[in-house]
Amino acid sequence: MATDRLSVIFSALADPTRRAILARLAEGDATVTELAEPFDISLPAISRHLKVLEQAGLITRSRTAQWRSSSLNPEPLREATAWMERYRRHWDASFDRLDAHLRRIQAQAPQTTNDPQ
């Protein structure tokens, strides 16, 4: 099992249910019951997803009286985004070079006409 921080974050983000939970928490804090509402899975299954998100540092959980709410913690998402940004810049530059190359090739290609002679 991966133990470095980014691997744990990306592993947590790999599941679509967990990504949907994070999207919901981006709107504000929510209880387990509120987070489970749109899914056709049990409350214990949602709790397991929340545990994975909490271990990755993507959420924090708190207890007020009998309510246990979860909150989004954006810092790990910033870390993952910063890591991916380096690669985005690399691919953008590669695509820009490819685009320039294709334009040079097109400019050098002989022009054909549709004039039937």
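In strand β3, T31 finds its bridge partner, S69. This is a predicted model, so to speak from the start: local features need pLDDT of at least 70, side-chain atom pairs count only at pLDDT 80 or more, and totals for chains, interfaces and linings use all residues. Residues are numbered from 1 along each chain as its sequence is written, and side-chain values use heavy atoms, with hydrogens and water left out.

**Strands**
- Strands here are DSSP runs of E with at least two residues, and helices are H or I runs of at least four, numbered from the N terminus.
- Strand β1 (residues 30-31) runs antiparallel to β3 (residues 67-72), joined by 2 bridges; strands count as paired if DSSP finds at least two bridges between them.
- β3 also pairs with β2 (residues 59-64), antiparallel over 6 bridges, and I59 sits opposite L72 in β3.
- There are 2 residues between β2 and β3 in their hairpin, and A65 in the turn has a positive phi of about 55°.

**Helix packing**
- α1 (residues 5-13) packs on α5 at about 105°, axes 10 Å apart; the axes are lines fitted to C-alpha atoms over the stretch in contact, with angles from 0 to 180 degrees between N-to-C directions.
- That makes α1 roughly perpendicular to α5, a label for 65 to 115 degrees.
- R5, L6, I9, F10 and L13 in α1 meet P76, L77, E79, A80, W83 and M84 in α5, where contact means heavy atoms within 4.5 Å.

**Confidence**
- Mean pLDDT (the predictor's confidence in each residue, 0 to 100) is 89 for the protein chain, and 93% of its residues reach 70 or more.

Terms used. Angles under 35 degrees count as roughly parallel, over 145 as roughly antiparallel, 65 to 115 as roughly perpendicular and the rest as oblique.
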